[in-house]
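Hi,

Here is the structure I promised to pass on.

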Amino acid sequence: MLRLRVNGTPQTCAQGTTLLAHLRATGTPVPTLCDDSRLVPVGGCRMCLVEIDGCERPVAACTMHAIDGMTIRTHTEQLEQLRRTQLRLLARQHPALPRDGEPTSVFHRLVRLYGIEDALGAAPREARIDDSHPCIHVDMARCIDCFRCVRICEEVAGRFVWRAWNRGDRTEIAPAFGVPLAESDCVSCGACVDTCPSGAILDKSALATPAATDEVRTTCPYCGTGCEMYVGRRDERLVSVRPALDAPVNRGHLCVKGRYGWDFVHADDRVTEPMIRRGASWTAVSWPEAIAFVAQRFAEIAEKHGPDAIGVLGSARATNEENYVAQKFARVVLGTNNVDCCARVCHAPTAAGMKMMLGTGAATNSFDDIEDARLIMICGANPTENHPIVGDRVRQAAIRGAELIVIDPRRIELTSHARRHLQLRPGTNVPLLNALAYVIVEEALFDPAAIAHVDNWDEFRAFIVAYSPERVADVCGVAADAIRDVARRYATVKPAMCILGLGITEHVQGTEGVMCLVNLGILTGNLGVRGSGVNPLRGQNNVQGSAHMGCEPASLTGGVALAEHRPRFEAAWKTPIPERKGRNLMEMIDAAAAGELRALWAMGYDVAMTNPQARATIAALAKLDLVVVQDLFMTETARLVGSVFLPACSSFEKDGTFMNSERRIQRVRKVIEPRGTSRSDWEIVCDVARAMGRGEQFAFRSAEDIWNEIRGVWPAGAGITYRRLESGGLQWPCPTEDHPGTRVLHEGIFAGERRLSLRTIDYRPTAETTSAEFPLLLVTGRALYQFNAGTMTGRSKTAAFQPQDALRISPADAERLNIADGQTVRVRSRYGEVALSARVVHTVCEGEVFATFQSPERQVNNVTGPHRDSVTSTPEYKVTAVCVEPA
């Protein structure tokens, strides 16, 4: 430790600490205007000047590192006068203090602190207001030229939206290319708002709503990144969101959904009272009546048709605790293994493939490994749109020199930073990945230490001969030399990290595509070390956790096999668990259509909106005797086929935990009281369990009670307590309370006695092919401003950016089909049709189109098909043959 003397007081600090960081840590307030802990210090504002013995002039504390023996003074009369003078110069051009009710900036507080209000507005700048952006108000007359907006956009977001124009006293900050903010490359992350110290860039909501009275730290309810944030509240309403600066995942950054996508909590159409459908209309009822009705109908159906005539769906938007209670209810109260969640339609192939090959169906590494990787291979994922914080970290890694490989049919944003973009045809993942393995084997680029642990090496070498790049080039639409180059780089530029998304999993060979990626990791030794691994980006906030808690027909809590671990859970729950094979979601829909499934409880899951072949799905659900919908809004499932509606809380209205893509358990904390009479999912489930006579197994008093039971049945999570989570998230495995958590799985995998097998996976083309009638291939997915079915983003400020689904089409296809940008077109497949607005873009290939699926009035899933992954039944959303014509 270094020894210092600060204002006469002896102190110590660690090597490498800046003086500003030390002064803040020890409670010595030094004013700053240009400093932000997320940015490289520049010492531009001169407000943090300190005097150091031996230095002729005051120095900026933000750029000066502590040196052993330093004597520092922070508030001498000379320093205070320098600060006052600097503030006066800045205040002359600043118009005025904020009016009552307007937000107060850091600059305003310093003006008041130093008593120089009289200097404000002496030589004000010309008003330059830009209100073009839906969420951000810009008034550069209030700018103090600290450049924090420019720097944070570059250094944190990896973008270059803001620019300093001109020089000296003519300097102006404005969007690049001289356009309004709404027409710039801004992605609305709000980082510039968050860092601005003068009020020049503000959230519009801050101008319209009084400031928060306090804030609560919680976890974002959107994607599987798991960003932590502070949510401001006032009078039991959410009024603001800002990123947690010390969060290990997002490091003081948020995306547009996390920052601006919270208005749905107060939406006018929020359902907050229980309802029962009577005839063609819904009737509001009391909670006791609703609970009694559900319990009685479940009991009647189970008695008449058997317990396997009922299915339960957990929710990727619910907490770990709530999903645990849901699957326990299915098995203990109903006596069925018919339990699933929406992991079925996204990353079930990832969990299955990785579990079969590595023993654990979860990410091998952490987001922090992005900065350690020398090469990052993005496979079937679009991080900058679907997981923007991860995408920004990948972009920054590429800017710093990491090699980037993109494997995707579309030209995603990260392609501009990539060494290679393998723009394969949709549905050809397996032959392409096999070709990469071929090159690694043929050119002896494999890791000998890794291969020494492979049992079927000779078999795999013989198999892979059939997949040379030259043989698969025409199948995949990728040049052989490009395939060879990517294989060589992945095998030799180490550590190399693979990041995958739904472009790998939502195919008829989804699970096998994941296995092919694991093959590559084993072949090259890119497993078990930092900066490497096979890492899925999970789609929703708790889709990893919902399945891991046991919302899966063949698995119990912890992802363990039902057949093997049933006795252990029976002992813990003190009741038998059914042995019969359960149905997954897609099998439940099939069974409903066949009249074998008679009831469904869907928690936070709009099946009618998101399943493929929407018309067939709705027809199957309509045959059910009972459909219980537990959600925040009147979903399409509830509207079309619901029998009972049970109003649930949002994540801002309850306590619990989420599990993110990197296996990190993080706290969800109640910010406001539930709207109306809405209740947390676990409370509702426990009430129904009690009404059905099983209250003894559901006598939970809090989310923490449930979590403690989870810890008791999940050894890998036993060390993760709520008390420990107050200090930050923990990554499992974490078996004991003194265990730090596990950043990298499978460490030492190629050093011990463990044996592995490479999978020999032949390419089986999908039955979904183009024809003269259907000449284009449709890929569906998410976009930056839209989240899945739009339940939350469609009712928040984010709706302004993409109000409706649209069809992205290449210029060549648009010209050939005589389709103009913005024109309404009819998209027709073998299964249905939909009308969409066309967007002519350069990000899709000729012969391919892309659409989101957020708009119920459009219902893009009318056109998606029946094909499924052969292992997990995950639908093939990424390949549908269509024709497109003017409407």
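Below is what turned up, starting with the aromatic rings.

Before that, the ground rules: this is a predicted model, where local features need pLDDT of at least 70 and side-chain atom pairs count only at pLDDT 80 or more, while totals for chains, interfaces and linings use all residues. Residues are numbered from 1 along each chain as its sequence is written, and side-chain values use heavy atoms, with hydrogens and water left out.

**Aromatic rings**

The structure has 14 aromatic pairs (rings of Phe, Tyr and Trp, the last by its six-membered ring, with centres within 6.5 Å; planes under 30 degrees apart are stacked, over 60 edge-to-face, the rest tilted). One of them is Phe298 with Trp601, a tilted pair at 5.7 Å centre to centre and 35 degrees between the planes. Phe298 sits in helix 8 (residues 287-305) and Trp601 in strand 25 (residues 599-603), so this pair ties together parts that are 303 residues apart in sequence. (Helices, H or I of at least four residues, and strands, E of at least two, are DSSP runs numbered from the N terminus.) Phe298 and Trp601 are both buried, meaning under 20% relative accessible area, with exposed being over 50% and partly exposed in between (1.4 Å probe, protein chains only). Together with Phe329 and Phe698, they form one aromatic cluster.

Phe446 and Trp457 are edge-to-face, because their ring centres are 4.9 Å apart and their planes at 70 degrees. Trp457 counts as buried at 12% relative accessibility.

**Charges over rings**

Arg795 lies over the face of Phe633, 3.9 Å from the ring centre, and Lys797 lies over that of Trp262, at 4.1 Å. The test is NZ of Lys or CZ of Arg within 6 Å of the ring centre and within 35 degrees of the ring normal.

Two cis peptide bonds to look up: Lys494 to Pro495, with omega near 0 degrees, and Trp732 to Pro733, with omega about 0 degrees. Pro495 is in the loop between helix 17 (480-492) and strand 21 (496-500); Pro733 is in the loop between strand 30 (730-731) and strand 31 (776-780).

Which residues have a positive phi without being glycine? Asn788 does, with phi near 50 degrees, and so does Gln859, at about 55 degrees. Asn788 counts as buried at 15% relative accessibility, and Gln859 counts as buried at 9%. Gln859 lies in the loop between strand 35 (848-851) and strand 36 (880-886).

Cheers
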